[in-house]
Amino acid sequence: MLVYCMQNNFQKYNALVGGGSSGAVIANRLSKNNKVLLLEAGGDPLWYNYIPVFSLEMLNRYKYHESRWPRGKVLGGSSSLNYMIYARGHELDFNNWANITGDSSWNYKNVLPYFKKSLIYKGEFSKNEKHYGSTPYGSLQVESRNEVLMSDIVTDAAREYGFKDGDLNGPQKSGIGAIEATLKKGSRCSTFTAFLEPILSRKNLHILRYSHVTKIKLDSLGSARGVFFNRHGKKYYVRASKEVVISAGAVDSPKLLMLSGIGPKEHLSELGIKPKVDLPVGKFLKDHIGVLVGPFLFDKPVTTFPERDLGLSTFLEYFVNGTGHLTFPNLLHMHGFISTSKVKQQHQDWPDIQLYFSYAGIYDNMVQDFSGLTGAKKNTLEQYFSNFIGQHGVSIGVALVRPKSYGDLKLQNKDPATPPLLDPRYLEHPDDIKAFVEGIQFVVGFAEKTKSFQSINSRIPDIYFPGCEKHKLKSDEYWECYARHYAFTIFHPIGYNYY
Ligand SMILES: Cc1cc2nc3c(=O)[nH]c(=O)nc-3n(C[C@H](O)[C@H](O)[C@H](O)COP(=O)(O)OP(=O)(O)OC[C@H]3O[C@@H](n4cnc5c(N)ncnc54)[C@H](O)[C@@H]3O)c2cc1C
């Protein structure tokens, strides 16, 4: 192996692997007082990364019946291609982490000041100093957007359910509100924009783009001393002065640890990797799963058709004012959280279901797009949607956000270029499918039974999702079948990378 040694240039640097959502923040904070070498597999974001509506186009489309997990190989990482929804974890999530780890700094009251400190908050709730507030430190900009035709209908329906406020990051109860997004004058504010771009000339920070780290070098005590990486066809080694920080995401961090000999002993030995530190890396792989419920058809013209409505004036509005359709990824405008009955039985409001509302009508290319997004076969979706193309109506997203099912991530072999095997065992835990179906039934009631939706004659037509014909339409069994056929990752993997 030919290894170029970079230690002469960088021997006083900490090595940071991955300049994504978390890596960009760490690079910013660490390089205030320390020398940091940031090794990033990708390069700078391109023009289309900045325009929110192109989020769907940036996904590496599914092959049918395959669940692909897209992630950003670019500075800013997945924050350079995600849907930009600014949604803080729930207070009880953080308090739970504090209990599990025995580390009270994870308590929400201790974490909240950092949320506030990281932001330039330009949203609707800026008067709420307790949860937002503006400090001179912040650089991640969060904005609200102008309302769309559907917003009033969803808001009024939410009021019928007793949801009043719409502020989902503040008091954190069940509720439905407009999406607040990481945007800067309507264009994407990724962690690259927020945390790296402003400090590109900082002397302490050196960024090596297109540098794919393949292995961490460990000393005899199992401490990280440096990293090996490939760049433009050459292999390099760089020694770290103090620390090696791995922030390569929920898929690539465990992969890199295992390639370096940190992971379950038996699994590494099977692949011919010498185990150096025996730890459950790759275990407890979890992901949020979602399903598009619909189509809800409407009699009134309240939705938007991209092929008809995204014309020159839309682009002008975006480039001149930073507003309009192009600021909405997938035309998602509102979201919400609800707690299902099992959670409520414990006298808690700790939502386990998230809802997503788009205002895209049933447009020409929808089957193609939904098939690409969900992995469902195109001809299955053609059969399901074909009679409704061109009509006003929506599908509403329902996602399970506190799943109990978990699986694992394993290596296929010891080649760093080979993707790992991912098995989150979606819906394996019986409570998950129950909560998922309850979430679907909630949405059906919300969009069919509220006065607000009835005012546009909202209804799901009497059609079966192909494969679920043997169940009674809209019964729990039917929706379970529907979910098992049509659900897909909503791109939030986490796992156990403990080291
Ligand atoms: C399509 C999509 C939509 C989403 N929508 C939202 C949303 O609306 N709101 C929300 O809060 N979350 C959303 N998420 C989730 C969120 O974006 C991720 O949870 C978050 O970005 C993960 O941050 P990270 O730092 O762990 O990883 P990443 O941001 O993925 O960063 C990992 C970085 O490491 C680099 N890297 C990986 N391996 C190596 C290596 N071997 N050597 C060098 N560099 C390496 C990558 O290139 C990347 O830059 C979405 C995700 C996706 C994919």
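This is a predicted model: local features need pLDDT of at least 70, side-chain atom pairs count only at pLDDT 80 or more; totals for chains, interfaces and linings use all residues.

Reader: Ok, and where is proline 424 found?

Author: In the loop between strand S22 (421–423) and helix H14 (430–449). Helices (H or I, at least four residues) and strands (E, at least two) are DSSP runs, numbered from the N terminus.

Reader: Which residues does proline 424 touch, leaving out those up to four places away in sequence?

Author: Trp69, Leu285, Asp287, Ser405, Tyr406 and Gly407. Contact here means heavy atoms within 4.5 Å. Separately, proline 424 and threonine 489 are 65 residues apart in sequence, with 9.9 Å between their C-alpha atoms.

Reader: Switching topic: what does UniProt list for "binding site"?

Author: The unreviewed entry lists Val74 and Val213. UniProt positions are given in the numbering used here, feature names are shortened, and annotations may be inferred rather than shown by experiment.

Reader: Why would they count as gathered at one spot?

Author: They span 140 residues in sequence, yet no two of their C-alpha atoms are more than 14.0 Å apart, so they gather at one spot.

Reader: Is valine 74 buried or exposed?

Author: Buried, at 10% relative accessibility. Valine 74 sits in the loop between strand S3 (36–39) and helix H3 (91–101). Not counting residues up to four places away in sequence, valine 74 touches Gly19, Glu40, Gly42, Gly43, Asp44, Pro45 and Ser80.

Reader: And where is valine 213 found?

Author: Valine 213 is in strand S10 (residues 211–218). With a relative accessible area of 7%, valine 213 is buried. Beyond four places away in sequence, its contacts include Val17, Leu39, Val227, Phe228, Phe229 and Leu256.

Reader: New topic, charges. How many salt bridges does a search of the whole structure find?

Author: The search finds 12, where a salt bridge is a side-chain nitrogen of Lys or Arg within 4 Å of a carboxyl oxygen of Asp or Glu.

Reader: Which residue does aspartate 219 form a salt bridge with?

Author: Arginine 225, with the closest N and O atoms 2.9 Å apart. Aspartate 219 is partly exposed at 22% relative accessibility, and arginine 225 is partly exposed at 37%.

Reader: What about aspartate 408 and its salt bridge?

Author: Aspartate 408 pairs with arginine 425, the closest N and O atoms being 3.7 Å apart. That pair links distant parts of the chain, 17 residues apart: aspartate 408 is in strand S21 (residues 407–410) and arginine 425 in the loop between S22 and H14. Aspartate 408 is buried at 13%, while arginine 425 is partly exposed at 31%.

Reader: Last pair: what do the side chains of glutamate 448 and lysine 474 meet in?

Author: A salt bridge, 3.0 Å from N to O. Glutamate 448 lies in helix H14 and lysine 474 in the loop between helix H15 (451–454) and helix H16 (476–486), so the pair ties together parts 26 residues apart in sequence. Glutamate 448 counts as buried at 15%, and lysine 474 as partly exposed at 26%.

Reader: Which residues do salt bridges that share partners join into one network?

Author: Lys342, Lys404 and Asp431.

How values were computed
Residues are numbered from 1 along each chain as its sequence is written. Side-chain values use heavy atoms; hydrogens and water are left out. Buried means under 20% relative accessible area, exposed over 50%, partly exposed in between (1.4 Å probe, protein chains only).
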